[in-house]
Every structure is written in structure tokens, then in C-alpha cells.
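Dear colleague,

I am handing over the structure below, together with some notes on its strands and on a few individual residues. Please read the notes with the coordinates open beside them.

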Amino acid sequence: MAADWTRLPRQESQGERITRRTAERVEKLTPAGDYGVLVPFLGEELMVGTDLYDGMGWSHYRFGLADGQGRIVVDPVYDGIRVASFENSVGADDLPVYILSQGDPAQGQCGTVLYGLAALDGSWCTDVTYVMAAAIEKDEFVLIDRDGMAWLCDLEGHLKNCGFSRPLLAPYGGFWDDMMPRVSAPLAEMGFGEDRCLLNFHTGQILSPPADLDSCVNWRYCGGGLMPARSQKGPYGYLDSSGNWALPPAYIDAYGFIGNYAQVDLGGRSCIIDRQGRAALTPSGALRQTWCSGRVYYLDIDYIDHTIHAIYNAALEPVDLPAVGCVPEETSANLSWYDQAGQGWHWDGEIIQAIPDGLLPHSARHGALQILCSEDDRCGLYDYDREAWVLPMSDHRIEAVADVVTGEACWMQMLDDEHFTVYNSDGQAIAISKPPLIGYNSLRVNGLLPVRDDRWSGIVDETGQWLLRIALPADE
């Protein structure tokens with residue numbers, strides 16, 4: 001499908017539009033309190049290598065930062081800029097921090113990459129000198145520098161030495177460098193066999209693991225201190241910050257605590273437990289956890305007669321819904337079901353509305369708009385308020401990109417293998433863009449969109465007007 005440029009707003013200027021906060025080129029972010037929220041932009045695309053298999057060149061991108069008026073704050077010196085997130089088994093929570101990365105393009109894809117952190121508003125930043133940066137809580141990061149020293153960083157940019165270093169941990173198997181990418185929780189295991197230990201990044205303690213510990217399940221950690229872990233005999237339990245069993249292994253499966261509660265499997269039967277291991281909710285049917293508008297809900301379901309017995313919120317309070325029918329197979333951030341007449345219904349945490357034509361929600365609803373999909377993977381963008389399609393059902397994939405500041409969404413519909421049409425929160429087409437800033441590294445920041453087409457890269461606002469526009473080299 002060819003890109004339909006006629007659907008986009010007419011630009012008042014066809015040339016570059018570049019303004020700067022300073023006259024000189026800036027290659028390092030200087031913290032300041034008057035930037036406002038900073039927005040990444042693509043500034044350079046360099047052909048720096050050739051694939052050994054197909055002979056095709058591969059690109060290296062450089063990114064910069066601009067303020068809300070499109071004025072350049074830092075020139076394109078970063079190899080990557082992404083919003084930090086605390087990832088776990090129930091999803092990812094975006095944090096008000098950018099992870100900045102820099103490497104040497106001449107070293108190719110195997111070159112050393114260094115990382116740093118910066119507040120979204122540029123009020124603080126670290127140096128881009130760390131070999132790893134990872135969120136271990138919703139408000140805390142671990143950084144490891146080139147000397148193998150570990151540091152904690154909070155959301156105010158305060159750094160604290162953890163006390164861990166490569167020489168200190170060498171007796172424990174020498175796996176410090178290997179385990180760096182796996183740090184995703186305050187408690188992490190390192191080494192094997194007799195050399196194994198647990199590291200508490202909060203206290204800087206090196207702990208001896210329980211004799212019957214098989215492995216920590218870091219990726220299920222959702223915050224709050226208790227770590228799901230598996231014993232050598234199979235059952236799961238929870239470790240405390242001292243590396244001891246707070247809740248001994250007694251569960252066939254166990255998930256991270258969300259607030260005061262966690263879901264566990266007792267062997268063919270799931271329930272919710274509190275932090276003392278006491279049963280807080282025992283469903284009459286099967287238990288399913290789902291999310292609506294960023295909040296967790298628990299569903300008591302009978303899959304045999306296709307009914308929902310009850311729905312509970314995060315505090316385990318019953319939610320009053322006409323929950324008649326069966327919840328469809330996994331949908332993202334929605335609570336949806338069919339009634340006995342085959343009509344689909346969707347609940348976004350506040351409003352119940354009918355889903356047209358027996359379709360299934362594909363993503364969270366943003367405002368009145370939501371992506372709906374058919375069983376044959378066709379999808380469209382539907383407006384519940386107008387009861388009309390913004391984008392009719394088609395084979396072209398649609399993605400929702402939530403604003404990291406406001407939570408509002410823009411929408412991207414794939415046109416071909418290289419182009420997306422970008423729609424604002426009202427469903428109006430405002431730009432056509434290519435990866436990498438639209439695609440796997442999608443961003444919407446305080447109503448502004450980093451975009452890139454075949455000729456230009458920069459930042460557009462909600463109306464499609466360029467605040468920053470930089471000419472890209474023509475394809476040879």
C-alpha cells in the first residue's frame with residue numbers, strides 16, 4: 001500500500017526548521033529547571049557497516065533532546081534514548097526517566113555501550129559512563145560503572161554506592177559481569193553451587209541463600225520487598241530482603257505481590273494470599289488476573305459454563321458489574337465478555353459499552369477510541385462516542401502509543417513494510433513516519449511526537465505541525 005500523503009496537514013514551510021536554546025553545539029545534557037519535558041528526536045542516520053550474509057548495509061542512528069518548543073537542548077550524540085520502565089510479570093510501569101546510551105559506531109554492533117539516566121524534564125542527569133542501568137523498583141535504579149562498582153539512583157538523581165564491586169564479588173564465582181543484564185529486583189542471585197550468593201542492593205549485603213533454594217523468579221517481582229522464588233523440590237515461596245523464606249515453599253506456582261496481595265496456585269486451585277501467607281480470597285471457580293486502565297482486577301470464572309462469578313479490585317472488594325458471559329482469551333488491559341446472545345461488552349474500569357460486530361478489544365481504550373480486532377487478525381480503530389469507525393477494519397496493523405506524561409494516546413497504522421500513518425488522540429492523521437522512533441521504540445511525550453519520514457526527522461505537535469525538522473541524507 002502506497003503512503004497517502006494527501007491525508008496529512010499541509011505544512012507552512014518545506015525546508016528545515018531548526019532552533020536552539022544555545023548558539024553552540026551541545027554534546028552533554030546540563031541539568032536545569034526550566035527545560036520543561038524534553039523530547040527525543042532523530043538527528044543522524046549513518047551507514048556504518050555491511051551485513052556479512054546479505055551484503056546489505058545497516059544504519060546507526062544518533063538522537064538528541066529538544067524542549068517543548070522544539071528547540072535543541074542536546075545535539076544528536078546518543079545512540080539510544082528510551083523511557084525507563086519497571087518491568088515485571090504483569091507488565092511495565094513507565095518511569096519519569098530517560099535511559100541514555102552511547103557507543104562507538106566504528107565498533108559496529110558488538111561495540112561497548114554505555115548508559116546514563118536523565119529526568120524527563122532534564123532537572124538532573126548522571127554521566128553516560130555506566131555499563132548497565134536497570135530499574136529494580138518503581139522509584140529506584142541500579143547502575144554499574146566500568147570498574148564493576150554498583151550504585152543506586154532514585155527518581156531525584158541521588159546516587160548511593162551499593163558497596164558491591166567486581167573484586168569484592170570475585171570469590172563468588174566471578175559472574176558479576178554475566179549477571180548484570182539480569183538485575184531487575186533489589187535481591188539478585190549470583191554464581192553457582194557453593195559459590196552462589198544473594199545480593200541485596202538496598203543494604204549492600206552479600207547473603208547466603210537458603211539451602212533448599214533453586215532460583216529467584218526476579219521477573220515476577222512487582223515491588224514491595226517479597227521475592228517469588230522456587231525451591232529445589234519444586235514448590236514456590238517468597239524470600240524477604242535478608243534472603244530467608246518469609247513464606248516457605250508451599251505453592252505450585254507463585255506471582256509477585258501487587259500491593260498487599262499475590263496470586264498463588266495450590267495445585268489445581270488458585271487463591272489470593274496476603275503478606276502473612278493467609279488466604280485472602282478463595283474463588284469458587286478459576287482465578288484470573290487482568291488489568292483495566294492501569295488497575296489490577298481479579299476474576300472468579302467458571303470456564304465450564306462460561307460465566308463470571310465475581311470481579312474484585314486490588315483491595316479485593318467486589319466490583320458491581322453485569323458480568324454475564326465468558327471473558328474472551330487474553331486481551332490487553334481490558335475486561336471484556338460476551339453475553340448469552342453473543343453480544344460483546346467492554347469495561348474500561350468506569351464505563352461499560354457494547355463492542356460492535358462481535359469483535360475483540362486489542363488494546364486499552366484511550367478516551368473514546370480503541371483498537372478492535374477480528375478472529376482473522378483484521379483490525380480497526382473505533383470511536384465509542386460516535387459509534388463509528390475512525391479507521392475501518394483492514395489487514396494493516398494498528399498500535400496505540402500512550403503518552404509517557406499525560407497518558408493520552410496516539411495511534412499508528414502500518415502502511416507498508418517501512419511506513420506508519422500517525423494519528424493524534426482525536427484520530428486525525430498528522431504524520432507519516434518510519435522506524436526507529438515510530439515502531440519498536442515508539443514515543444509520545446507531553447503531546448509531542450518524534451517522527452521520521454523519507455526526507456525529514458524531527459518533532460510534530462498534535463496538529464501535525466513541525467516544531468523541529470531536520471533534513472536527512474538522501475538515499476544513494
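Which residues of S38 lie on one side and which on the other, and are they buried or exposed? Trp456, Gly458 and Val460 lie on one side of S38, Ser457 and Ile459 lie on the other, and all of them are buried, where buried means under 20% relative accessible area, exposed over 50% and partly exposed in between, with a 1.4 Å probe and protein chains only. In a regular strand the side chains alternate between the two faces of the sheet.

Before going further, please note that this is a predicted model, in which local features need pLDDT of at least 70 and side-chain atom pairs count only at pLDDT 80 or more, whereas totals for chains, interfaces and linings use all residues. Residues are numbered from 1 along each chain as its sequence is written, and side-chain values use heavy atoms, with hydrogens and water left out.

Strand S38 covers residues 456–460; strands here are DSSP runs of type E with at least two residues, numbered from the N terminus. S38 pairs with S37 in the antiparallel sense over four bridges, pairing being counted if DSSP finds at least two bridges between two strands. Leu449 has Val460 in S38 as its bridge partner, and a hairpin of three residues leads from S37 to S38. S38 is also joined by five bridges to the antiparallel strand S39 (residues 466–471), with Ala471 in S39 as the bridge partner of Trp456. Five residues separate S38 and S39 in their hairpin, where Gly464 has a positive phi of about 90 degrees.

A further antiparallel pair, also over five bridges, is formed by S33 (residues 398–402) and S34 (residues 409–414), in which Val401 stands opposite Cys410. Their hairpin has six residues between the strands, and Gly407 there takes a positive phi near 85 degrees.

Most residues other than glycine have a negative phi. Asp377, however, has a positive phi of about 70 degrees; Asp377 sits in the loop between S30 and S31 and counts as exposed because its relative accessibility is 65%. Asn446 likewise has a positive phi, of about 55 degrees, in the loop between S36 and S37, and counts as partly exposed at 41% relative accessibility.

Finally, Tyr78 lies in strand S4 (residues 71–78) and, at 3% relative accessibility, counts as buried. Its contacts (heavy atoms within 4.5 Å), not counting residues up to four places away in sequence, include Leu29, Phe63, Leu65 and Val128.

Best regards
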